[in-house]
Amino acid sequence: ERIRSSGLEIMDGYQCHWGGVCDGKPMVAGLVEFGQRVLHNVWNAVKNTCKDEGTVDALEHETNQHEAFIESRSNWFCGRSRLVSDALKKLVSVKSGIVGLIGKSGTGKTSLFCKLVGNYVQSPHCQNEMYVLSHVVGATVESVSIIALLRRLCQELGRRFDLPCPPLEDYQELISDFSAKIIEAASMCSSPLVIAIDGLDGLHDSHNAASLSWLPEEVPQNVVFLLSAKEGSNHQRSLMRRKPVQIQVGPLDLQDKTVFAESTLARYNKSLENSPFHNQLKVLLSKKEANNAQFLNVACDELRLFGLFEKVDEKLKILPQTTSLLLQHIMERLENEFGVNLVSSALCLLACVRNGLGERDLHNILAAREELKGVPLPTYDEIWEFMGSYEFNMLPQSVFRRLLHGMQLFLRPQGSSDSE
């Protein structure tokens with residue numbers, strides 16, 4: 001009754017019928033009309049939520065992508081309250097200098113970085129959010145280039161503080177312009193100008209970016225650099241030579257593991273039993289690498305996709321103990337579900353294209369490859385020509401979407417400098 005009186009659109013009495021059992025799961029069939037209605041409602045909701053704001057320039061679009069990523073990761077961050085509090089204290093204690101956020105692969109550096117930036121902007125120590133410039137290496141295609149990073153920071157400083165911004169492409173000229181701009185911009189700030197860059201080790205090797213020679217030798221007054229890097233990388237060693245204030249990101253403790261797993265599953269209205277006589281959560285948290293944020297995130301994602309409630313105990317027992325073995329376990333599942341050829345083709349295509357592929361292009365090429373199975377090793381150009389001159393059967397969206405989601409774990413996520 002509460003649902004019927006909510007004022008929301010009610011779908012009742014839609015057509016469906018028993019579809020039998022598939023892979024041990026009971027199936028419902030005849031839901032075409034229901035599906036079309038759901039799709040229509042979701043599309044209307046998307047259009048109402050995402051209003052057309054007109055065209056934006058390239059700089060604004062790039063900045064929006066970085067800020068959206070940081071906001072998303074910050075909102076999803078859970079646990080580690082003491083680490084976040086201590087990190088914020090260290091950041092605000094520095095009035096001019098460098099703060100280094102260091103941790104091993106998979107420990108959650110990027111998520112902590114985003115949470116820290118978000119908390120600092122909302123704190124009374126930050127007088128204006130325009131005093132904080134953030135850059136997440138990997139958040140966009142261009143973000144991994146040191147030239148693009150310096151150019152974007154220079155242009156963003158020019159836009160925010162009304163400074164002249166000549167179009168520069170030369171590396172040395174960009175370094176000089178960046179150094180001059182942060183000095184001038186910092187003089188206009190009533191609180192420190194914070195330049196936050198996540199994932200230094202994700203930058204391309206051009207111009208010896210790992211040496212950090214593009215940073216000022218002496219940090220100007222009222223300027224703070226917040227920089228994150230993977231422990232043991234060349235970027236981290238270069239960062240240590242600058243004697244930064246260090247924030248060390250370690251493994252999850254028992255309480256943080258529990259909060260992390262429960263919160264991650266709760267996002268999708270899932271949970272594990274945590275009672276004295278049936279403790280599924282304890283089985284998960286007892287895995288060898290369960291203190292690694294990446295392992296727990298991947299394991300929880302695998303569990304939420306598992307559709308047989310009565311076999312969750314069995315699934316928990318067979319989940320591997322380490323991240324590498326867990327990824328291998330998931331790869332085998334994908335190959336069994338979609339076929340070795342389709343999975344290998346998709347991953348090979350993504351690995352071979354320098355700047356990645358859009359979803360539509362990947363979908364079209366995979367569909368064309370299925371049609372060209374008889375052609376020995378078709379080239380990219382042959383596939384593209386085939387797509388433009390022939391009516392071929394598209395790979396169903398339902399299959400492609402599930403494949404795409406499953407492959408995300410094996411791709412370098414946007415906004416991550418390492419395997420996180």
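Reader: Which residues of strand 3 point one way, and which the other?

Author: Gly97, Val99, Leu101 and Gly103 point one way, while Ile98, Gly100 and Ile102 point the other way. In a regular strand, side chains alternate between the two faces of the sheet. The model is predicted: local features need pLDDT of at least 70, side-chain atom pairs count only at pLDDT 80 or more, and totals for chains, interfaces and linings use all residues. Residues are numbered from 1 along each chain as its sequence is written, and side-chain values use heavy atoms, with hydrogens and water left out.

Reader: What makes strand 3 mostly covered?

Author: In strand 3 (residues 97-103), 7 of 7 residues are buried. Buried means under 20% relative accessible area, exposed over 50%, partly exposed in between (1.4 Å probe, protein chains only). Strands are DSSP runs of E, at least two residues; helices are runs of H or I, at least four, and both are numbered from the N terminus.

Reader: Why are Trp76 and Tyr268 called edge-to-face?

Author: Their ring centres lie 6.4 Å apart and their planes meet at 70 degrees, so the pair is edge-to-face. Rings of Phe, Tyr and Trp (its six-membered ring) pair with centres within 6.5 Å; planes under 30 degrees apart are stacked, over 60 edge-to-face, the rest tilted.

Reader: Why does Trp76 count as partly exposed?

Author: Trp76 has 43% relative accessibility, so it counts as partly exposed. Tyr268, at 32%, is partly exposed as well.

Reader: What does the pair tie together?

Author: Trp76 lies in helix 2 and Tyr268 in the loop between helix 8 and strand 8, so the pair ties together parts 192 residues apart in sequence.
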